[in-house]
Amino acid sequence: MKRIYITETVLRDAQQSLIATRMPYEDFEGILEKIDKAGYYSIECWGGATFDSCLRYLNEDPWERLRKIRSKVKNTKLQMLLRGQNLLGYRHYPDDVVRMFVRKSIENGMDIIRIFDALNDLRNIEVAVDETIKAGGHAQGTIVYTISPIHNLEMYVKIGKELESMGVHSICIKDMAGIMSPKEAYELVKALKENVKIPVFLHTHSTTGLGILTYLKAVEAGVDGIDTAISSFSGGTSQPPTETLNYALKQMGYDTNLDSKLLKEINDFFKPVKDKFIKNGILNPFVLSTDTDALIYQIPGGMLSNLIAQLKQQNALDKLDEVLMEVPRVREDLGYPPLVTPMSQMVGTQAAANVLAGERYKVILKEVKAYIRGEYGKPPGKINPELVKEVLGDEKPIEGRFADTLEPVFEKTKEQVKDFARSDEDVLSYILFPQVAEEFLKNRGKKKESRERKIEYTIEGIS
């Protein structure tokens with residue numbers, strides 16, 4: 001009986017996609033030991049937006065959160081999502097910072113690091129992969145999946161082979177917008193299984209309603225593992241439900257290793273947590289519905305919930321449809337980057353700026369300018385020449401690996417922040433989010449005054 005590895009996402013991507021990563025540790029502490037016993041292959045619990053959200057909104061030390069989870073989850077592998085050279089931030093960091101962050105993540109309890117680059121520019125994940133392997137962790141290389149006139153099966157298989165050559169232990173196909181169809185999943189998984197020897201995982205979302213179908217066809221094609229969310233935090237922009245896939249796969253003759261009774265207890269635990277977020281307005285029912293328009297605008301779950309919050313904040317939610325229609329146009333102008341962090345925020349926020357300003361590119365985000373200069377890596381396709389000319393003038397874009405131009409900063413920063421940073425982990429928090437981390441570290445242990453949790457642009461500043 002073939003084993004299908006199941007990764008539970010309720011502690012990271014499910015809550016990031018539905019409630020903008022606002023779940024504090026105390027909301028799930030009481031269920032960790034049961035999750036550990038349920039038979040999951042791994043628990044995705046850290047990385048992505050969790051780090052930023054802990055510091056910015058939840059008054060929690062993200063490193064301490066990881067250690068607390070590890071202390072209660074003793075048997076199941078812990079998993080995180082890492083944005084390659086961007087780590088958990090929104091710009092590239094020097095190699096010394098990347099290596100230190102990866103090493104400290106593993107020292108503090110992480111087992112599997114899923115590493116991706118938003119542009120599938122593998123030069124941007126090499127250092128993180130190398131350090132994960134050296135530190136004894138499981139390096140999972142990622143193919144960021146998207147649909148465009150320039151992305152095709154051959155390109156993805158080529159990336160898969162390159163990841164295997166790089167030495168990763170497994171490959172994940174990351175369909176962050178839930179746009180992969182069952183047919184595409186079958187063809188891609190089958191092609192990868194024929195061309196690489198390491199395990200292949202698939203990550204998708206329920207956004208378009210395709211998720212469960214896509215997983216079943218991927219399983220038929222030989223996928224080794226899938227990501228699911230316990231049912232009260234599943235569906236909509238989150239992952240397909242764990243219990244439903246477990247039920248169907250077992251009936252089809254696959255071994256998931258999951259305990260159905262424990263899954264029910266875990267779900268019963270999270271039901272009132274979900275109700276709390278509905279009542280306080282953080283969970284917008286819109287993100288729980290099926291939205292087939294996502295097959296056109298391709299916005300990932302986490303980005304969609306944040307975009308709605310941003311437009312609400314500016315009393316412009318009535319512009320949502322216009323913004324969603326502007327997203328593919330901006331994406332084409334930028335050479336069809338996959339819409340995953342930080343590109344999803346970049347494209348989405350630029351689309352919002354174009355609509356709200358009433359004129360396209362009247363304001364250009366500083367991050368978009370940096371992207372056009374080549375600071376995020378090699379664009380998948382050709383950038384609109386008029387936009388290039390407007391941003392660069394006669395300047396030439398960077399063609400090498402941008403991180404090669406960055407000086408080491410860890411030791412220098414450590415000296416600068418020695419008055420309030422007690423550990424290397426604190427220094428890393430400061431390097432990733434200087435202002436937010438400094439405020440947190442200087443007021444560590446103090447109760448934070450309750451205030452409205454304002455959702456801000458995750459890419460800051462428009463210039």
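How many bridges pair β1 and β2, and in which sense? In this predicted model, β1 and β2 pair in the parallel sense over 2 bridges, where pairing requires that DSSP finds at least two bridges between two strands. Helices (H or I, at least four residues) and strands (E, at least two) are DSSP runs, numbered from the N terminus. Residues are numbered from 1 along each chain as its sequence is written, and side-chain values use heavy atoms, with hydrogens and water left out. The model being predicted, local features need pLDDT of at least 70 and side-chain atom pairs count only at pLDDT 80 or more, whereas totals for chains, interfaces and linings use all residues.

The strands form a closed barrel of 8, in the order β1-β2-β3-β4-β5-β6-β7-β8, with parallel pairing. Neighbouring strands of this sheet are turned by 30° against each other on average, direction ignored; axes are lines fitted to C-alpha atoms, for helices over the stretch in contact, and angles run from 0 to 180 degrees between N-to-C directions. Helix α1 (residues 10-19) packs on the sheet and touches β1 (5-8), β2 (42-47), β3 (77-82) and β7 (200-203), contact meaning heavy atoms within 4.5 Å. The direction of α1 makes about 60° with that of β2.

Glu 8 has Ile 43 in β2 as its bridge partner.

The axes of α5 (residues 95-107) and α6 (residues 126-134) come within 9 Å and cross at roughly 35°. This crossing is right-handed, the term for a near helix turned clockwise from the far one by less than a right angle, with left-handed used for anticlockwise. Residues of α5 in the contact include Val 98, Val 102 and Ile 106, and those of α6 include Val 127 and Ala 128. The contact of α5 with α6 divides into 5 nonpolar, 1 polar and 6 charged residues; Ala, Val, Leu, Ile, Met, Phe, Trp, Tyr, Cys and Pro count as nonpolar, Asp, Glu, Lys and Arg as charged, and the others, Gly among them, as polar.

Helices α7 (residues 153-166) and α8 (residues 182-195) have axes that come within 10 Å and cross at roughly 40°. They are therefore oblique to each other, given that angles under 35 degrees count as roughly parallel, over 145 as roughly antiparallel, 65 to 115 as roughly perpendicular and the rest as oblique. The crossing of α7 and α8 is right-handed. Among the contact residues are Leu 153, Tyr 156 and Val 157 of α7 and Leu 188, Ala 191 and Leu 192 of α8. By class, this contact has 6 nonpolar, 2 polar and 3 charged residues.

Helices α10 (residues 242-251) and α11 (residues 260-279) pack at an angle of about 165°, with their axes 10 Å apart, which makes α10 roughly antiparallel to α11. The crossing of α10 and α11 is left-handed. Thr 242, Glu 243, Asn 246 and Lys 250 of α10 meet Ser 260, Leu 263 and Asn 267 of α11, a contact of 1 nonpolar, 4 polar and 2 charged residues.
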